[in-house]
Structure formats: structure tokens, C-alpha cells
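I've opened my notebook on a structure that is new to me. Here is what I looked up, entry by entry.

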Amino acid sequence: MSWSGGFHVPSLAETTRHLTGVPSRVRRWRAKRRSSPMWTAAVALILAVMILPIVTVLAFAIAPENNIWPHLFANVLFGKFPLTALPLVGLALAGFALYLVRPTAPAAIPLACASVACLLVALGSFPGSIGQTILLMTGAGLLTIITGTAAAWLVTMYRFPGRAIVDRLLVIPLAMPTYIIAYAYVELLDYAGPLQTFLRHAFGFASSRDYWFPEIRSIGGAVFVMASVLYPYVYLTARASFVQQSVCALEVARTLGRTPLGVFWAVALPLARPALVAGVSLVLMECLNDIGAVEYLGVQTLTASVYSTWLERSNLGGAAQIAAVMLGFIVILFAAERMARGSAQIHHTTGRYRSIPFQDLSGWKGYLATLACAMPFLIGFLVPVLVLLHLAWSSAGEAADAAFYAAAYNSFMLSAVVAVVAIVLALTLGYAKRVAPNGFIRPAVRVAGLGYAVPGTVLALGLLIPLAGLDNAVDSMMRATFGISTGLILSGSIFALVIAYSIRFLAVGLGTVEAGLERISPNLDAAARALGETALSALMRVHLPLLLPALGSAGLLVFVDAMKELPATLLLRPFNFDTLATHVYSLAALEQFEEAALGALTIVLVGLVPVLLLHKAVAGGRPGR
């Protein structure tokens, strides 16, 4: 049937044939979806770039130009064997032996934990960088799990004065980079700082020999600094776990005679174990990645050893070998996390959810709970920010100079570019997993998202070697062909920084993009393809408009992380190119922290936005809401 104007109205028979053909079109789309070569090739290319630094570091470590493994083991990694470690090693071995004999005994788990603790302390007693790294990670991990778990339990289960405000304040220290809080506390607690100066004047002390004061430039100071700023990782994961736990399980424990503290130890804490392990793992990875704080505090960790071996001793092979040891630490962390989580799965057995019955804390107990939850915020954010504000105010004219504005422009420009690149890569990986989930793409996407666990120094080293080799090859060809030198095209440019940042922060964007794609019904894909859209056109016309909020959130998270990144920037930045992070680092290294305070405050203020958004998502994550 048609009108004279040429407009065709389908008949009932044509409409029926069209509708009956939809299932076959959907089946053909599904078959094509499982074997799309374009998406597989795109994922393979991204994966190759992601794993290039790791492969390069391992290759140089296995077959270096000069084998210095004996020197590294004797002088850098371990040092001389301390006799004090022998009893601890013996206790650890005895504990492991007893655990293997009776793994189901009631005391088996505490015995295994005690054995691991003895082994860690024994390894930490070595004077080399491995011992310093283990001590830092162990101390920071213990402090963060105690602080974050206790604060999360109080905020989730109890009502006390200022609870809602404290809940938001507890996550804010996550916006403070570790190197900035280290600079602030050295300025406050060092011998020439205001606190020790006040003590000397108040009590008449003539020198540091007349009184005892904890040394901030030490392994203990590094543990304090790391725990002060990294505990929100544990707090957020523990808070999310406690919010989602079943009220029925907690009430059953109370009816069986458990006290509130007994309910926490017997029910809530075991249920929250996977979340706590995930949070502590993030803390340990941040400790392994850090270079600004540990170097400023005089702690020779593995990251600091890579930096000094590469730049100060000009030994690229030795730096690659130390970086390979760091990769070994990452593998151990992943394995330990997987073992600690176990294979148990915890889920609700009902579709009806009840609000958490808060227990009121009144009087001195309520104020004590408020003080206990406010202390981490005071130590991890308020005190350092007050120090920064004082320094920035006293040197405002000198700090806001051309170097500051250039560094700020470079930081914002570079972070924006990295955010766009990371989101494009994350969208490619996430969408390929959706439209072509074959046996290669699914594991490839998981592997590509592990870049966040690789320290920035390892990424920088693993990228610089192949990029420098490519630059040298191009330069040699241009010299031989045209008689001109091209110099450092890739390794000495912003391109290397963009690649390193994208590898490191791809996981941040990938998780958000995948979560956004999961909220889109697969029926929309089928309908679009049945109407003649290709996978790419369906992405542009259907999925992108729906993914804009998720893409915006992911871009913001990547932007802020790139603003704070220091290790990779220090090693890969072009000459005369400073970001706010390297600007602050350079001034602090020259003991000119007054001039660096304004840049540090800028980084902190930019980091506040995603932290507060993250808290909103966690606090509102009660099932059924």
C-alpha cells in the first residue's frame, strides 16, 4: 500500500514478516558478537602497550649488560645478615610447621598470623631496602587497618554527636598526597620546627641532647605519615562492607549472648574480611609506589633505590633488577590478597532489607567516640593543611611566580589529556568485552586493568628503555639517510608521560566504565543491531549518551590521580617541564617549602572533589536502597 506522494505504508503481511525476522537477526548479531576481529585486535593492541613496561623490566633484569645481582643483594637489597633475625626466623619456621601439622586446630589461624608477623619483623631487621620496604608496609598496614576498621564500625553502627559530619571528614585525607603530608610534618616536627622550638624555649633546653623527641625523618615517621593519609582506603572498604551486612545476622548474635564488641569480633569482622584485605592491599601498593615521602624522610625503600640507582649512579641495568624485585612484591601482594579473601561468597538471602539499628552513645561515651573518629582527620588533613595555609600566607608573593603558573598549566593540561586518553582506552576495553566476549578479550581486559598496581618508577623505567631504543633507531636512520639528527622524539617528550599515566590510571577509568555499561540492558544492543546499526555506530548513538555520567566520573578520577602522580613524572618528564607535583618536590628538596606550599594546596583542593563523591557512593550503598 502506498500514497501517491511516494510514502510507503507497510501492509500487515509485510509487518509480520519483518517482526518474525527479528529473532534471526538477533541470533546473527549474537554469533557475530562472539567473533568480532576488530575488537579483538583493538584489545590486543592496548594490552601490548599495557604490558610493555613489565616485559621490558623483566628482560633487562634477567639479562642485563652488567650482572650486579651479587652487589645488589649484598649492599642494596639486604645488607649484612643481622644476628637478631635468627630467633625470629626460627619462631616463624616453628609456627609454620605447627600450622601444617594441625591446620584445623582452634589456634591455627592466630599461630599462622604470629608466624607471618615474626617473619616480616625478621626481614624488616635487614638494613637494606627490602627490610625498609617491609617495615614500612607492615607498619602502615597495621595502623591503617586498626584506624580504618574502628572508625568505620563506630560510624556505621552507633549514633553520637557529629556522626554525619565525621563520616564525611574521615575520607578527606585521601585527597592529601603522601609527599605533601611528609613535607608538612617535617616542617612542623623537625628540630627547627615550631613545636620543638617551643619546647626548648618553654623548658630551657639548650640542644636536642637535653630532651627526647620522636624523629620524624625515620622509618617510624614514614609509617606515621603513610598511615595518616592512606587509612581512608580501609575505612571506605570497611564502611561499605558494614553497611551491606545483614542486620539479622548481627541480631542473632546478640540473642545468643554476644556483647556489642563480641558481635563485632565474631560476626561483622569475619564478614568484612574480603573488604579489609582489599583496602589494606591498596595501602601496601601505595607504600611500595611512594618516592617523594620516603626520600624526604630518609627511608631507603625499593622505589627510592630504583631512583638513586638510575639517576645518581647511572646504572640502568641495576635499576631494572631492583624494579624486577618490586614486581615480585606486587605478585606476592596479589597472591596474599587472593588467599586472604578465600573462596567463600557472602550474599543476602532475602529481598527485604531493614535499616541498621543505630545504638545511641550519649554523655562522655558519645564525645569520646566523636574525638576518636575525628583524630584521624585532624592528623591526616587538618594539621597539614593549617601548616600549608600558614606557609602559603607568609610567602604568597614569592610562591605565586611564573614557575608556579607554568607548573599549574602543565599539570592541568597533562591531566586533561591523560583523562581523555584513559577514558577512550577504558571505553574500548569495556565495550569490546560487552560485544565480543571471547576467550581472549575477557582475560585481556582484566590484565590491562592491573596497571594501577605497578609502581610509577617501574612504569617509567619499562617505558624509557624501548622508547629510547626507538628514538635511537630513528635518529640513526635519519643520520644515515638525510644527515640530520632527530634527537629524542618520544622518550624526551610529553608522549612518554601520557603513556605512563594512561597505563597506571586505566584501571580507575575501566572500573567506572564497566559499571556504567552493566547498567545498560543488553536488549538495547540487540534492538540497535536488528535495526541495522553496527557495533561502532551503536556505541556512538546508543551507549555513549547513556554513559556520559559514568564517563564524566571516570575522567574526573583519572584527572585528579594524574595531578598527584610524582614517581613517573620525575623520571620521564621533558627538560624544563614541571608539573605541580614536581614543582613542590623540587622546592621541598631545596628546603624551600614555603614557596612550595601554594602548589601543594592546589593539588589538595583539586583532590577533594572525587573523594567526596566517592564517600557519597559508599555511604549510600545499603542493599535495597
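This is a predicted model: local features need pLDDT of at least 70, side-chain atom pairs count only at pLDDT 80 or more; totals for chains, interfaces and linings use all residues.

How many salt bridges does the count come to? I took a salt bridge to be a side-chain nitrogen of Lys or Arg within 4 Å of a carboxyl oxygen of Asp or Glu. By this rule I get 4 salt bridges.

Residues are numbered from 1 along each chain as its sequence is written, and side-chain values use heavy atoms, with hydrogens and water left out.

**Entry: Asp167 and Arg239.** I looked at this salt bridge and found the closest N and O atoms 2.9 Å apart. Asp167 sits in helix α8 (residues 163-169) and Arg239 in helix α11 (residues 219-244), so the pair ties together parts that are 72 residues apart in sequence. For helices I used DSSP runs of H or I, at least four residues, numbered from the N terminus. Are the two partners buried or exposed? I call a residue buried under 20% relative accessible area, exposed over 50% and partly exposed in between (1.4 Å probe, protein chains only). Asp167 is buried because its relative accessibility is 5%, and Arg239 is buried with a relative accessible area of 5%.

**Entry: Arg504 and Glu565.** Here the side chains meet in a salt bridge at 3.3 Å, N to O. I found both Arg504 and Glu565 buried.

**Entry: Asp578 and Arg573.** The closest N and O atoms of this salt bridge are 2.3 Å apart. Asp578 is partly exposed, with 26% relative accessible area, and Arg573 is partly exposed at 28%.

**Entry: the core.** I took a nonpolar core as a set of buried Ala, Val, Leu, Ile, Met, Phe, Trp, Tyr and Cys residues joined through side-chain atoms within 4.5 Å. The largest one has 174 residues, and Trp39, Tyr235 and Leu302 have the most contacts inside it. Helix α20 (residues 402-435) gives this core its largest share, 15 residues.

**Entry: Leu544.** I found Leu544 in helix α25 (residues 535-564). Leu544 counts as buried because its relative accessibility is 19%. Its C-alpha atom is 9.4 Å from that of Leu427, 117 residues away along the chain.

Key. Helices (H or I, at least four residues) and strands (E, at least two) are DSSP runs, numbered from the N terminus.
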